[in-house]
Amino acid sequence: MDLDLLRSTLDELEQPRFRFDQIWKWTAGGAAGYHEMSNLPAALRAELTERVPFSTLHQVRRATASDGTEKLLLTTHDGRPIETVLMRYKDGRRSICVSSQSGCPLTCTFCATGQMKFGRNLTAWEILDQALALRRLDVLNHCVFMGMGEPMMNLDNVLEVCRRLPDLGITHRRTGISTVGWVPGIDALADSDVPVRLAWSLHAPQDELRSQIMPVNDRYSLADVKAACDRFYEKRRKMIFVEYVMLAGVNDSVAQARQLADLLEPWKYKVNLIPYNPTDSIYDGSAKGSMDAFRDTLEDRGFNATIRLIRGRDIDAACGQLAAKAAA
Ligand code: SAH
């Protein structure tokens, strides 16, 4: 829902100020439409249905994986495809993964989104509407900006959404923004009023290899990004998550685990090892034995390191698989 349009429409209709909050409360609580908002006058509900689309996005498809993960394929008014995912865990965690751009201008070689054409930045309302569409399916309590796109290249809109997420049940400490290491964005987030978590997609402990698999490294080197993350830590005193996708024979040796340990401090950085989800790329995922050895090496050096659970792979909803093939 375009909340700017809602506000201006309510003003034009000379509605009292509390109407906005009433409508937002229903919407954030998972209402299916204006018709459910029983404390609004019927005439106003009809007027809003005409003038303020309940969502800025159109739902094209919904897929449910065998593990309960749900993926929605959505399009914007100008036909841009977006995918968004809800992950359900046995402990009650309900985590959503939202997209900040349609496509992505960065060209990480292992990522399906990086291989599709870049569309554009999403508006705050297009990002928020992904979360609201998933809120209509379930209660929510965690959010990561790990869908399509680079959130730091659209940070103002991402922050606008973060400020609203608590109304959907998602607190700031359960919200994470993931970045390739877009330095100006990391600094801007550290200076913002929004105390969310930071995740850095690191993926290779040396510049040469990192530039090969993530061309953006030529612009912001490991040392540049590390310095920005350290500044973030100094300001926020919150551990930073390091994401590390495990590519067989590329970045998964014990020697590379040691290089990674040399690069980071275990009290500042928590490492998440991500099993590689096959896309149309030249890579294979690491064997379980290599991932375990990599994690053990980090743990021996005092790091908190975990191997991420795979979710939603059978519906192409796993990390790096979001590419909206059907709508492209
Ligand atoms: N642009 C941001 C957020 C989107 S990607 C970023 O790069 O952080 C979210 C995470 O999924 C990143 O860590 C990304 O490197 C990882 N990823 C991309 N493709 C993947 C794949 N095929 N398998 C596993 N993880 C992948």
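Tyr 244 is buried, at 0% relative accessibility (buried means under 20% relative accessible area, exposed over 50%, partly exposed in between, with a 1.4 Å probe and protein chains only). The model is predicted: local features need pLDDT of at least 70, side-chain atom pairs count only at pLDDT 80 or more, and totals for chains, interfaces and linings use all residues. Residues are numbered from 1 along each chain as its sequence is written, and side-chain values use heavy atoms, with hydrogens and water left out.

Phe 294 is also buried, with a relative accessible area of 0%. Aromatic pairing was assigned to rings of Phe, Tyr and Trp (its six-membered ring) with centres within 6.5 Å; planes under 30 degrees apart count as stacked, over 60 as edge-to-face and the rest as tilted. By this rule there are four aromatic pairs. One of them joins Tyr 244 and Phe 294 in a tilted arrangement, 4.9 Å centre to centre with 35° between the planes. Tyr 244 belongs to strand S10 (residues 240–246) and Phe 294 to helix H11 (residues 288–300), so the pair ties together parts that are 50 residues apart in sequence. Helices (H or I, at least four residues) and strands (E, at least two) are DSSP runs, numbered from the N terminus. Tyr 276 and Tyr 283 form an edge-to-face pair, with 6.3 Å between centres and 80° between planes. Both tyrosines, Tyr 276 and Tyr 283, are buried.

Strand S7 (residues 142–145) is covered on both faces. His 142 and Val 144 are buried on one side, Cys 143 and Phe 145 on the other. In a regular strand the side chains alternate between the two faces of the sheet. Strand S4 (residues 94–97) pairs with S7 in the parallel sense over three bridges (pairing requires at least two DSSP bridges between two strands). Val 144 is the bridge partner of Cys 97. S7 also runs parallel to strand S8 (residues 175–179), joined by three bridges. Here Val 144 stands opposite Gly 176.

The ligand is surrounded by 22 residues (a heavy atom within 4 Å). The closest are Ser 178, Ser 201, His 203, Asn 277 and Gly 320. Polar contacts are pairs of N or O atoms within 3.5 Å. A ligand oxygen atom is 2.6 Å from an N or O atom in the side chain of Ser 201. A ligand nitrogen atom is 2.9 Å from a polar backbone atom of Asn 277. Taken alone, the ligand exposes 530 Å², of which the protein buries 96% (Shrake-Rupley method, 1.4 Å probe).

Notes:
A polar contact is a pair of N or O atoms within 3.5 Å; within protein, one must be able to donate a hydrogen and the other to accept it, and residues adjacent in sequence count only if both atoms are side-chain atoms.
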